[in-house]
Amino acid sequence: MRSTRLLALAAVGALSLTACSGGGDSVDTGGGSGGDNVLIAAVSAQPDQFDPHVTNAYASFQVLENVYDTLVVPNAEDLTMEPSLATEWTTSEDDLEWRFTLREGVTFHDGSEFDSADVVYSYNRIIDEELSNSYRFATVESVEADGPQTVVIRVTQPTPNLPALIGSFKGMAIIPEGAAEDVDLTTEAVGTGPFRLESSSASSTVLTANEDYWGQAPSIDGVEFRYITEPAAALTALQNGEVQWTDNIPPQQVDALGGDDSVELATTPSVDYWYMSMNFARPPFDNPQVRRAIATAVDREAVTQAARFDAAQPNQTAIPEDSFFHTDYAPFDVDVEAARQLIEQSGVPTPIRMGLMVTDEYPETVTAAQVIASQLEPIGIEVEVQTTDFATWLDRQSQGDFDAFMLGWLGNVDPFDFYHAQHITGGASNYQKYSNPQVDDLLTRASTETDEKSRKDLYDQATRLIVDDVSYLYLYNPDVVQAWAPGLSGYEIRADKAINFEGVELP
Amino acid sequence: MFALVHLVPGDPVRLALGTRFSQETYDALRERSGLDRPLVEQFFTWFARALGGDLGVSFRSGDTVTSLIAERLPATLTLAFASILVALVIAIPLGTLSALRPRSVVDRVATVLSQIGISVPDFWMAIVLILVFAGTLGWLPTGGYVPLSEDPGGWLARLVMPAVVTGVVSGSVITRFVRSSVLEALGADHVRTAQAKGLPTRQVFTWHVVRNALLPLVTVTGVQLAYLLSGVVVVEIVFSWPGLGQLALQSVEARDYPVLQGAILLFALVFLVINLVVDLLYTAIDPRIRR
């Protein structure tokens, strides 16, 4: 159930992307004096650090999104890659060489000029130091400069999703050559983005507008990210005017806020997905009939209602409906009788005991697991919901010490992100030990297929097999839910949860 | 303590990397953070540095542990002392009054109030206060912290609600101690003697009752203060109060061993110092202990 879909605001986003180069001109802010023209945003957590190549925390990327740039950037409507620090790119005949032409007249926050050496330095830093995003360069053979305005990336096999790999989030940010040696990037930021990192404390992080921004310079003077962990407090702070924006809204109040004039509420389906998975290496969950019985007994609507108060779209595949790569496939209708028969046919004696591992780091998994437990009881499966902290959860997952678990994959942009490492035999994220040679073949071919239509066909076929085999039991795509002060304009809610304040104007 | 922190299941490297990473990345980060070395060696490295005041560097943020603690110490000290003040302002009059008139209406009301203060969950009380005083009435900000030196008015406005919530909980506990120790002192032989001598009630009370009742009060206040200084996690979270409790919680969740060890070390020191102060106060209050 969505109250307002503010995709109409897309027009404003387009404004910020039509880069009117030429850096130097500073724009008259026209509004308020001093600190009054600062947007205060309530976010739920403190960034752990600010090195874009090292951090993995969403709280950090909320800030870094506004400070750093990448070569390409997903657009707000459908997350296809658009120019950012690179103005255009071409691939060679054999698809093994990508040439990116860089934007001219861009300066870093320290005043230095942006050129190809910075791109080469940034990418090689990630590759050579084996930083957390180095897996994104798995097919990359070399990153080299060809003059100051061109970067050449050579790959070992066709990599159609290279733009998504280097642009989908600010973890692939471009930093100035030598920055990691010259400044402490964990506390300082030297980007090319619309805001500079001013300061950060245990209470808030403060950004100031970058007058020399290569795009449209922000009309606000700055942004203060204030950490308010308790959703009820964040919403109250928004309602009484202490803050002007928040993404920390009590889920049970989303419905009621739709009719509330004191806040502007926006929701949009995200590219995240939540799922349950069973251990293929542990009987009886290696039995396809048992897995299919469970997939038939689970009522995704009820799970979604309980876990997200309906702020989500039930889905039997990973990719949300709005996406080009969505596979229209939903073979499971909730049917307890059919599920019971499948269990009978499997020959596995009931009751079947299943430990379902969830983590209080993501409370919605705990709620969802309780609902699933009650839904599986009538078909003779006794679910023990095992709630642990995230550190223990990750340990057990990596050791294969589970019957079943629940979690989500967040911020997926390309179908490769949605399916590849999770389902290919021996894949880095294939903790459930799924193996189907047909799926392996389809996923491998899809990863190098450069024709988009054929690529979608391959992923469609792979998806059907993955769903039929219940490698993952897909549950839902949650909505992004954000709210701001009435009258605030120029902000656009995005499916990838990137938070971009460059075009914002205060009421 | 070092062993305990490291024995808890969970791998800080895996947590720092999230869910998508390669094995090479994992190995590289493990080596950088020194976690690939034997635990005994890690302990002695840490211990030698800690003796020199160097508590190491956070895995999570790259900041030094001492700077992380120093950043949050003022907020924790402020809240702890403000809460104890609120607690004593509630507990001393309420406990004394109910002891002077046992089983009276005052006594019963005080008992019920302190029972409520102990049993109402602090997060619930905190959220109700926010909804009423920051939401409906709009008198106070929802939370946060500003240093006293920057904005005294804002400092006080933000301090009121968290101090009241933690103060009410501590005050309820202390009220019961005040009541029982005053009652006990009232029944003591020397008080009966003083009354028999015909001393005025006020003099009996200040010289013979209060001084004797003070000892248990000092003890329980010390315990409460130590508890408040080690951070009140729930209240800090609800009121966005950047104290040590939140830091300790974050470091447990992230298995950020250096920060966690630093925080535990600090809490241990706090208990030692407070115990010392309480013992010194004993000798000041009761001359017999000096001997």
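A residue is buried if 20 or more other C-beta atoms lie within 10 Å of its own, exposed if 12 or fewer, and partly exposed in between, with C-beta atoms placed from the backbone. Keep that in mind for later.

Some ground rules. This is a predicted model: local features need pLDDT of at least 70, side-chain atom pairs count only at pLDDT 80 or more, and totals for chains, interfaces and linings use all residues. Residues are numbered from 1 along each chain as its sequence is written, while chains are lettered from A and ligands numbered from 1 in the order in which they are written.

Start with the contact between the chains. Chain A brings 34 residues and chain B brings 37 residues; contact here means C-beta atoms, placed from the backbone, within 7 Å. On the chain A side, strand S10 (222-227), helix H6 (231-239) and helix H12 (390-399) each give two or more residues. H12(A) has the largest share, six residues. Helices (H or I, at least four residues) and strands (E, at least two) are DSSP runs, numbered from the N terminus.

Now chain B. Helix H9 (residues 189-196) is hardly covered. Of its eight residues, the count of buried ones is zero. After H9(B) comes B:Gly198, with a positive phi near 90 degrees.

Last, the domains. Chain B has domain 1 (2-51) and domain 2 (77-290), with bounds from an automatic or database domain assignment. Their C-alpha centres lie 39 Å apart. Eight residues of domain 1 of chain B are in contact with six of domain 2 of chain B. On the domain 1 side, H1(B) gives the most, three residues.

Methods: Two residues are in contact if their C-beta atoms, placed from the backbone, lie within 7 Å.
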